[in-house]
There are 4 protein chains.
Amino acid sequence: MKHKVDLNCDMGESFGAYKMGNDEEILDYVTSANIACGFHAGDPATMRKTVKLALEKNVGIGAHPGLQDLVGFGRRNIALSPQEAYDLTIYQIGALSGFVKAEGGHLQHVKAHGALYNMAVKDAALSEAIAEAVYKIDPELVLFGLSGSEMIKAGEKIGLRTANEVFSDRTYQPDGSLTPRTQSNALITDPQIAIEQVIRMVKENKVATVENIDAQLLAETICIHGDGIHALEFAIQISKSLKRAGIEIVKVSKFV
Amino acid sequence: MKHKVDLNCDMGESFGAYKMGNDEEILDYVTSANIACGFHAGDPATMRKTVKLALEKNVGIGAHPGLQDLVGFGRRNIALSPQEAYDLTIYQIGALSGFVKAEGGHLQHVKAHGALYNMAVKDAALSEAIAEAVYKIDPELVLFGLSGSEMIKAGEKIGLRTANEVFSDRTYQPDGSLTPRTQSNALITDPQIAIEQVIRMVKENKVATVENIDAQLLAETICIHGDGIHALEFAIQISKSLKRAGIEIVKVSKFV
Amino acid sequence: MKHKVDLNCDMGESFGAYKMGNDEEILDYVTSANIACGFHAGDPATMRKTVKLALEKNVGIGAHPGLQDLVGFGRRNIALSPQEAYDLTIYQIGALSGFVKAEGGHLQHVKAHGALYNMAVKDAALSEAIAEAVYKIDPELVLFGLSGSEMIKAGEKIGLRTANEVFSDRTYQPDGSLTPRTQSNALITDPQIAIEQVIRMVKENKVATVENIDAQLLAETICIHGDGIHALEFAIQISKSLKRAGIEIVKVSKFV
Amino acid sequence: MKHKVDLNCDMGESFGAYKMGNDEEILDYVTSANIACGFHAGDPATMRKTVKLALEKNVGIGAHPGLQDLVGFGRRNIALSPQEAYDLTIYQIGALSGFVKAEGGHLQHVKAHGALYNMAVKDAALSEAIAEAVYKIDPELVLFGLSGSEMIKAGEKIGLRTANEVFSDRTYQPDGSLTPRTQSNALITDPQIAIEQVIRMVKENKVATVENIDAQLLAETICIHGDGIHALEFAIQISKSLKRAGIEIVKVSKFV
């Protein structure tokens, strides 16, 4: 059977007069869009426009809830309770769903943003709160999480479909976690190496770690970045390389 | 046929550590709750709790979208475009719908808050933008608006059920509009007079105006206030008086 | 005596991960910087960096208070009371002064932003509230306002030095006010015409209006824009042209 | 020599339509007021009014900077860098100083709020960033911090006067830190025990800890709470008891 993978990208992160990302162009190369919901980025007008664009390009729409920290872009850990995480997840999925419904589409998935995503990786209670929020909004939604993380476990436990996510431009630790950005070897800057890592993850479920031993993982969706001057270029390149390697790029809801 | 009227009250206006209103007690005497959605008041935790309470007490749940002006409590006019009004209405109805769905309930109505409500009274374009947002989220929703206002006309035009709202504690102008709060005779402070005004509006579709001539209006839902030390007392009193006058107090979605 | 004029530009309008403007480059060509204070744009980190840059380049530092409307970039009118305008002006000047003091500089001027600036043009009470806030923080500050506007009158009345501001890229009405942006002929898009208009305003205190008759005005400071791809280019061009016309470009506090 | 102590209380924590605390009454019994600066609580109007009240009652005015987390009341840890802490401290002290200057008063002290205060207790880098911000605004300011904490050390190191703070209603650990609120024995609910603990701290520089051995500490200022129904009552009681015990209640700037 042919290998399949989803390509996802954060979108709709502009805010008022502030522009971020190349949403319209990137949407031609990804199959799932994680749309910011106004807490860490995004605003109602941006959400409407981004949902519309994603629908036009037949890209799977996801809510991308984040911590309420606009000035920190949702990247700073906030010590919140599972209940607070549940509440802000419901709120933000709901808000995005409003635009999806108004535009006549449907929501495919949920992916937590930044610090919320990262805190959930090893925090079962936080992951379960987020998974419960997703499930209660709609049990058909796909929950994204770092491959093998507590988020994936929480999703499976409550009965959601899950998408194990991998990163092309990040190095991995032997336990399958990402090397923290605070370490010098956290990022892969050579696009060719990034693409080779991703292809191996999809085909062999393996990644070479920083300690040069392989870690096992599932690669159902690949995160690519939409911001920065090379973002579009890389999106095109990874898309081509995956196809050339015989991997089908498909919206995640079609195969998980 | 017996006269029917809905009693509505703003709810869920607490924010973080800040408490406002007597939601739990007031819910025993109203049939529709307008729940703040986080822009002018309210936060995700408060929305969850208020939705839950309203469901337990079988009170009709409404989204209560407001301008993004927390420090001004949504009471200061902001010169926004119809498109901006549409967007913030979709966002806020969506967010509240998330909690309603998660708690297994359904949304009954939408009532704009404060300055958004007041600006829409005489602004057809703004009213139509709000009505369109409501319709696109769910054409079964009931749209609240000042009796006879542009909001009601916009709702009817797009095909929504509408609820003509009257105020017990406000005086009226000959054209059926409310006397602006900036005028000294804007408020009715005697509860007995307030209640008599309301009963006449429901039974005769008439209100004595400040110029001592009657204005015609429809009274399908009565706004009562949930804040202040006499709020609960007045809720009990108006509820009793309406019943004593042979008026049935019924959730608005049952009869409009 | 040689003609003198100040060149001012809005600065420090980035916010968190969102970048706006070319502050560092533009600072080489202006004599006064209006630094956003966190309400309509800007954040503490941006304020610190921008103050530092302005001091290094010996540019006069101004507080640029705006309405509390980040998503609307402070460009939407909000119906606020003079007291509210006073309060938010004190707050924002104070906040910026903190950074100015910490960096060992001193504050030169205050210029209201966007809708606050525009609402004050014809609103004496609002202008007086803003002027009072400026005066109470420091009576040595220079108050910027549209040439001939209520803001200038309010500044003079309370005893502040004032800077009559003109716009190079906007057309004027016979009464000396700016043509509203909602009108098609509001903007001057040809840099050459913009520059000629400015030179005439500085040298002759006159501007040709949209009705082809001249209006009288004072041109003590010229507003140029820091955002957009041609901003830097225009800053260089206007700076050169003014000098070539024998006009000295000097920090406003040196000559008003 | 007579024992001296300062009584401080958080103030100005209302926000827009939301009221909190009994500032006016409490101000009769304290010598230092920590006034919220708009990030975790407070708004420009509240800051103006509270500064005015404190000046009228001759109470020492302090800036009370907090994390930018209004919905969490600044009580949730946010993983911010020392630079970010420096920036938000400068911003908030500056903003409050604006009102102090406008009202003709002067700023006495700075006390960090909630999570910012607590995170700084054991974090030297964070404490040094806050102390540097205070020093750069005005080296005459008094820096408040938990008795014996990193904040006090950072203040001393940079050359600020410091005020070692103790809590009447909290239990202590053998190392002099507060028992975390998550533990059941964190709070002292009996006012009599609270007062005895405080008197002993002031007179003997000792406190009985939860492990029944004494810890050494300095008690230069006592934190009392302004919110809750018994706040005023307790303020009166502690004030009387301290005086009866021969302790003079004096504004902190008079004796540190």
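## Helix packing in chain B

Pro44(B), Met47(B), Arg48(B) and Val51(B) of helix α2(B) meet Ala95(B), Leu96(B), Phe99(B) and Val100(B) of helix α3(B). The residues of this contact between α2(B) and α3(B) divide into seven nonpolar and one charged, with no polar residue among them. The structure discussed here is a predicted model.

The helices concerned span residues 44-56 for α2 and residues 82-102 for α3 of chain B, and their axes come within 9 Å and cross at roughly 50°, which makes α2(B) oblique to α3(B). The crossing of α2(B) and α3(B) is right-handed.

## A buried threonine in chain C

Thr179(C) is situated in the loop that runs between β6 (161-167) and α7 (191-204) of chain C, and it is buried, with a relative accessible area of 0%. The side chain of Thr179(C) is joined to that of Thr171(C) by a polar contact of 2.8 Å. When residues up to four places away in sequence are not counted, Thr179(C) touches Arg170(C), Thr171(C), Tyr172(C), Gln173(C), Asn185(C), Ala186(C) and Val210(C).

## Positive phi in two loops

Phe73(A), although not a glycine, has a positive phi of about 55°; its place is in the loop between β3 (60-64) and α3 (82-102) of chain A. Phe73(A) counts as buried because its relative accessibility is 3%, and buried means under 20%.

Asn58(D), which is not a glycine, has a positive phi of about 55° and is placed in the loop between α2 (44-56) and β3 (60-64) of chain D. Asn58(D) counts as exposed because its relative accessibility is 57%, and exposed means over 50%.

Methods:
Residues are numbered from 1 along each chain as its sequence is written. Chains are lettered from A and ligands numbered from 1 in the order in which they are written. This is a predicted model: local features need pLDDT of at least 70, side-chain atom pairs count only at pLDDT 80 or more; totals for chains, interfaces and linings use all residues. Side-chain values use heavy atoms; hydrogens and water are left out. Axes are lines fitted to C-alpha atoms, for helices over the stretch in contact, and angles run from 0 to 180 degrees between N-to-C directions. Helices (H or I, at least four residues) and strands (E, at least two) are DSSP runs, numbered from the N terminus. Angles under 35 degrees count as roughly parallel, over 145 as roughly antiparallel, 65 to 115 as roughly perpendicular and the rest as oblique. A crossing is left-handed if the near helix is turned anticlockwise from the far one by less than a right angle, and right-handed if clockwise. Contact means heavy atoms within 4.5 Å. Ala, Val, Leu, Ile, Met, Phe, Trp, Tyr, Cys and Pro count as nonpolar, Asp, Glu, Lys and Arg as charged, and the others, Gly among them, as polar. Buried means under 20% relative accessible area, exposed over 50%, partly exposed in between (1.4 Å probe, protein chains only). A polar contact is a pair of N or O atoms within 3.5 Å; within protein, one must be able to donate a hydrogen and the other to accept it, and residues adjacent in sequence count only if both atoms are side-chain atoms.
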